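Dear colleague,

Please find the structure below, followed by a short account of what was found in it.

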Amino acid sequence: MDFLSDFLARFGAQLQSPTLGFLIGGIVIAALGSELAIPDAIYKFIVFMLLIKVGLTGGMAIRNASLAEMLLPALFAMVTGIVIVLIGRYVFAKLPGIRVVDAVATGGLFGAVSGSTMVAGITVLEGQGLEYEAWAGALYPFMDIPALVTAIVVASIYTSRQKREKYLKNEKYLGKEEYIGMQPVAAGGAAIDQPVAAGGYSTSDQRSSGGYSGESGGSSGGYAKGPGGASSNRVKIWPIVKESLQGSALSALLLGLALGILTRPESVYESFYDPLFRGLLSILMLIMGMEAWARANELRKVAQWYALYAFVAPFLHGFIAFGLGMVAHYATGFSAGGVALLAIIAASSSDISGPPTLRAGIPSANPSAYIGASTAIGTPVAIALCIPLFVGLAQAMTGG
Amino acid sequence: MAKPAKKLVIITEKLLLKKVAQIIDEAGATGYTVLETGGKGSRSVRSSGQPSVSDTTSNIKFEVLTENQDMAMKISDRVAAEFFNDYAGIAYICDAEVLYAHQFCGPDGC
């Protein structure tokens with residue numbers, strides 16, 4: 001009971017924090033039809049400022065940290081990113097009225113990381129005085145990129161298999177009962193053509209499965225067994241990784257990291273980036289709130305399951321990462337604040353770099369579904385509920 | 001003197017800017033103009049200027065002057081085949097008379 005009342009007290013305090021206050025304020029004025037518009041350029045500038053600050057902090061910390069400490073949390077961040085997408089593919093996609101590509105794209109977006117949620121989480125951790133490794137912000141790309149790559153690979157495997165099955169149904173002369181195993185064929189034509197067809201398939205199958213195991217080996221080993229898939233429609237991993245790295249969010253973060261490691265940015269950090277951090281975050285939260293309301297209208301056009309998923313997923317994903325983070329806590333002394341931050345980035349869903357990458361990578365998925373679910377529900381839930389939850393849990397579990 | 005030409009207009013998602021531009025270049029057009037746009041189509045309203053979390057939601061309009069219908073058709077066919085199944089987009093063609101354009105008409109003008 002102590003834990004619960006403690007948590008509720010923290011949660012009440014969180015409601016009065018500027019982070020959440022501005023988010024709700026944005027939702028309210030957008031709902032009231034306010035004409036207030038914050039230019040896109042300012043939004044992009046704020047995101048850049050916040051992430052370069054996180055990057056600089058991380059870079060300066062890495063200079064003094066041993067890389068071995070980062071290894072396990074980084075691995076767990078990757079695992080979380082991939083598992084989230086697989087949950088989307090094999091659990092969420094099974095719900096009625098959900099198309100598989102939409103489910104995979106939604107999983108990918110929720111697996112990817114939101115810079116603004118992470119920054120809000122860092123602010124709360126600092127406000128609560130909970131110690132965390134300053135390099136924990138550098139876990140961002142370790143979760144973000146594997147999630148996006150996995151989502152696009154899984155979706156491509158699925159769509160090319162769909163295409164192949166469609167092709168087989170239309171193709172009279174190929175022995176399709178051999179491949180699908182449940183489509184009876186008129187005996188006459190098939191019997192004559194079977195040797196040719198069987199020969200053709202065995203080679204093309206080898207080719208396509210060989211291609212997948214080779215290409216996806218880098219990010220996750222699980223695809224080698226991925227059934228089917230036309231060899232002409234292979235998924236290239238590197239362009240997806242490149243696109244994620246070139247996205248505005250990761251570019252800023254990685255630039256900050258590099259500058260933090262390679263240069264001595266303390267003076268500009270202390271006089272410029274650090275003091276502006278909280279003020280800019282409040283404006284960003286206002287924009288996120290307005291955006292959440294605008295997107296809620298789009299979400300109404302798709303199945304209600306998206307709303308449910310978007311509400312439950314941040315908690316589920318956060319708890320997965322929290323569990324893995326606790327393993328790292330006991331194994332290598334990963335700090336309580338670090339565990340909370342890992343859970344927070346798992347709970348977040350990407351809002352900057354993720355949507356364009358997924359739109360380009362999974363063109364057949366409906367962006368109203370995944371962007372709407374993420375922006376309208378996922379992000380507010382992650383910021384308003386998951387941040388205080390995981391910070392409180394980390395404090396309680398580790399006696400911090 | 002005005003030189004007769006065709007104006008191909010393609011309105012599509014901003015996400016495709018580079019890819020469409022590449023198709024236009026490969027078709028051999030001398031140039032194109034791109035504008036940020038918004039409006040209403042058969043799918044939904046697309047506005048610009050609101051705070052948007054990503055650029056995926058804004059639209060662009062390409063205007064390409066081509067000397068003949070063939071090149072315009074070549075470009076629009078490729079763009080439509082590659083993108084318009086999955087992305088929002090429309091393409092149309094108009095008659096145009098170019099009054100002055102150094103690149104398009106040659107060194108002596110139109």
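A:R278 is found in helix 12 (residues 266-299) of chain A; helices are DSSP runs of H or I with at least four residues, numbered from the N terminus. With a relative accessible area of 47%, A:R278 is partly exposed, a term for values between buried (under 20%) and exposed (over 50%), using a 1.4 Å probe and protein chains only. Leaving aside neighbours within four places in sequence, A:R278 is in contact (heavy atoms within 4.5 Å) with A:T123, A:E126 and A:G127.

This is a predicted model, in which local features need pLDDT of at least 70 and side-chain atom pairs count only at pLDDT 80 or more, while totals for chains, interfaces and linings use all residues. Residues are numbered from 1 along each chain as its sequence is written, chains are lettered from A and ligands numbered from 1 in the order in which they are written, and side-chain values use heavy atoms, leaving out hydrogens and water.

Not counting residues up to four places away in sequence, A:M118 touches A:L51, A:V54, A:G137, A:Y140, A:L253, A:L341 and A:I345.

Yours sincerely

Methods: Helices (H or I, at least four residues) and strands (E, at least two) are DSSP runs, numbered from the N terminus.
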